[in-house]
Each structure stands twice: as structure tokens, then as C-alpha cells.
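Dear colleague,

Please find below the structure I am handing over to you. My findings follow directly after it.

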Amino acid sequence: MAGLLEGVRIVDLSTTISGPLCSYQLAMLGAEVIKVEPPETGDLSRSLGADEALNEDRMGVSFLATNAGKKSVALDLKTEAGLKALKALVATADVLLENFKPGTMARLKFDYATARAIKPDLIWCSISGFGQTGPLANRPAYDQIIQGYCGLMSLTGTEETAPTRSGFQVCDTMAAITAAFAICAALYRQKASGVGEFIDVSMLDASLASLTSWPASGLLNAGKAPKPMGNENGASSPSGAFRTGDGLINIVANDQRQYESLCDALGAPELKTDPQFLTRRLRVMNRIGLRGRLEEHLSGKGSAEWVEILSQANVPAGPILDLADALAHPQIAERQMVKEFDDKSIGRPFKVSRLGFTLGSSLPDVDLAPPRLGEHTIEVLRSIDYPDPDIAWVRSHEVAKRAAS
């Protein structure tokens, strides 16, 4: 079946993580994404990742991760011809996406006002570290910089190890998801009323928005600053990683019924009536003592056995997997979370992830493998009736710039 965004055309100037991840989600939903890249190097992520041979080939694993389903057009936007081709593309587009530092597009003489004069209903989405306004707007930023600014690092780890960086680019990811959400909302209005929009996504704003669910709300509304607690949960007990006979498992018994079911499953009914642990508040206050009592019982069996026992008792529990085991889990296979391309563009098959949801009508998916740099330049420009002599100039300039690099 047609994707939910079938018929939507996105001109994507973005690079590395936040922008490409945003447009990848939209491509998975059926949008046509035209990736505009500098002809000499392309997206920086083409040269990043764990496979050096792919980096040299400008098809790095970091690029493969978020660029399937897109068409690559190589344009030098610092030239009049490249800018002319971009304007022609924008005239046919619904969305323009970029993640440059504020002011970059204006220096290229192609800002939102210029684009809107070409396409009045255009949706322009800009992703940056701090947004287009504010005292930090013009500062450069990467994910770790924003992790430090938003308070995330101060909450990660224990009191002894914090501040600690999150194990993946969580702030880039939050910005990407936020941008995709905002673009979809703007598209809804655009299709209904013909009105465009300028969307200003700040990595810092998006990351703080994700923290306001509980940590920031406790500070803003109760005056209680959160602190790093490792695997513990400041709002509930028992909740965290608990030692069993052969390792660790996660257990989260948030409500009274779950706590009592946990006690029964462990063969420790006396913990249900122990005065120290009668209520959730008391269990939070006496979490260390409760942990010791629970782990005495957990030590009698291994982690896998306890996960099954507790799950059968309707107590939320699970293993602590490494990434390899997580990706290989039968649950992930059943949900078809990982897609394999039997594609020879990099000399062997490779895999990418799908989205974090499925649809009743169809599985979010893409057919196109991540593109070679400039692979679709001629095809895309011809599709918008761009003059052949101009296409020839763009193409020859692209080849020359790439050879020079």
C-alpha cells in the first residue's frame, strides 16, 4: 500500500545525524526525499563508522544507518549554477530540511524568505544546537555538547561516576524525532489550507522537553533537584537492576499489587507485611534494606529463570542485554525491526533499522538502498524539466569537484 506521506517531496540539505534521521523517518513513511550534498565530499557521515573500507568508499556505516530510501543530488551551493538548481528543486518541494548553524543559509543567499518567494506554501525545517534565537544561537554544537547543557549528563551514572555521557546520541535523536513530528503537523495544515511554515528545532529544547516528564517537573513544581542514582529509581522501590544467582535483571514493581506479587513469586510473603516496606513511600525510604532482602531470595536461581517466573506473576522484569543480543531477539525479528538490503552497491548485503512503530495498513519501509554520492543528480533534475545544458554543467562540475577531493 502507499505510504502515509506518499506524494510529499522533501529537499534535504542536512548532514550527519539529526537531519538525516529526521528525513529517514519520513522516507520510511513514503515521502520522496531528495538529499542534496556537496559534490566533493557529500554528507560527513559517508566517511564515518566502524568499517574503514566503507569510509574510504564514502558509504560509511553511519551513512547507511539513516539514508536508505533517498535520492542523492550533488550540488555545489557556493556556485550560481548549484544555487539555481536548488531553487528549481525547491519550487517542486513541500519541505526543505537543513541542520546548519544559524546564518549559514543566509550566507549562501538562500534563506527562508527567498525560498518562500519561490514556493509560498513551503515548510522549512531548521535543526540546530540551540535554535535560531537566544544568546547561544550562533555557537557550534554536537550531541555531547547538548547533553551537557540540558542536564542529562548530570543525571547519568551514580553519584560517584556522574556526569556521564549517554551511550548514544540521544540529543541528536530527540531533535530528529521532534523535527519529524513538527513537519508532519505542518504538512497536515499545508495540505488543508495551503499555508507553509518555518520550523525552528533546537537540540537543546528537544532534549529538555524529553526531560520535563518527571525530572524537570520535580524541580520546577516541587523544588526537588534530581540526582544521579545509577540503576535506581528515585520515585519507586523496588525498581532497578537486581543481582540473581548468575547476573543482573531489571525489576520494576511500581504499585502495591506488583510488589505483593513479587514477594509471593520470590517465596517471601513476610516482606508484604514487614513494617519497613508496607507502603511505596516506606519502600523508597528503606530501599537499601529492601534490596538486600530481595537479592537474598533472587540468589537462588539464575536471571533467565527469574525473568520467566516474575513475568508469569505479572511483575515487570527483564534481562539486561547487550546490543547484539537485543538485535537478535525473537521479539525484534517478529516485529521486522531490521531490514536487510540484498544490495551490491557496497559489495555485500547490509541491514538498516525500521521505525519504532508498525501500521495496520503496511509496514513502514523503503525500497531504495542508501545512494551513492550524486547517484540521482541527472534523474532528479530531468524529472523537474531542468534544461539539459544546465544539467550537463552541474554534472561536469560535480565530477570535477569529486576528483579534486
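**Cysteines, sheet and helices**

At 1% relative accessibility, Cys171 counts as buried. Please note that the model is a predicted one. The cysteine sulfur closest to that of Cys171 belongs to Cys150, at 4.2 Å, which is too far for a bond. Cys125 is likewise counted as buried, with a relative accessibility of 0%. Its sulfur lies 5.6 Å from the closest cysteine sulfur, in Cys22, again too far for a bond. The structure holds zero disulfides, a disulfide being a pair of cysteine sulfur atoms within 2.5 Å.

Turning to the sheet, six strands form an open arrangement in the order E3-E2-E1-E4-E5-E6, with parallel pairing. Strand E3 (70-74) and strand E6 (197-202) stand at the edges; each has a single partner strand, so one side of each is left without a neighbour in the sheet. From one strand to the next, the twist averages 20°. The parallel strands E1 and E4 are joined by three bridges, and Ile10 has Val95 in E4 as its bridge partner.

Two helices deserve mention. Helix H10 (residues 203-211) lies across strand E5 (123-128) and E6, and runs at about 70° to E6. In helix H4 (residues 80-90), the buried residues are Gly82, Leu83, Ala85, Leu86, Leu89 and Val90. These residues cover an arc of only 160° around the axis, which puts them on the same side of H4. They pack against strands E1 (9-12), E2 (32-37) and E4 (95-98), and against helices H6 (112-118) and H19 (377-383).

With kind regards

Terms used. Residues numbered from 1 in each chain as written. Predicted model: local features only at pLDDT ≥ 70, side-chain atom pairs only at ≥ 80, totals over all residues. Heavy atoms only, no water. Buried < 20%, exposed > 50% of the residue type's maximum accessible area, 1.4 Å probe, protein only. Helix = DSSP H or I, 4+ residues; strand = E, 2+ residues; numbered from the N terminus. Arc of directions from axis to C-beta. Contact = heavy atoms within 4.5 Å. Pairing = 2+ DSSP bridges. Axes fitted to C-alpha atoms, helices over the stretch in contact; angles between N-to-C directions.
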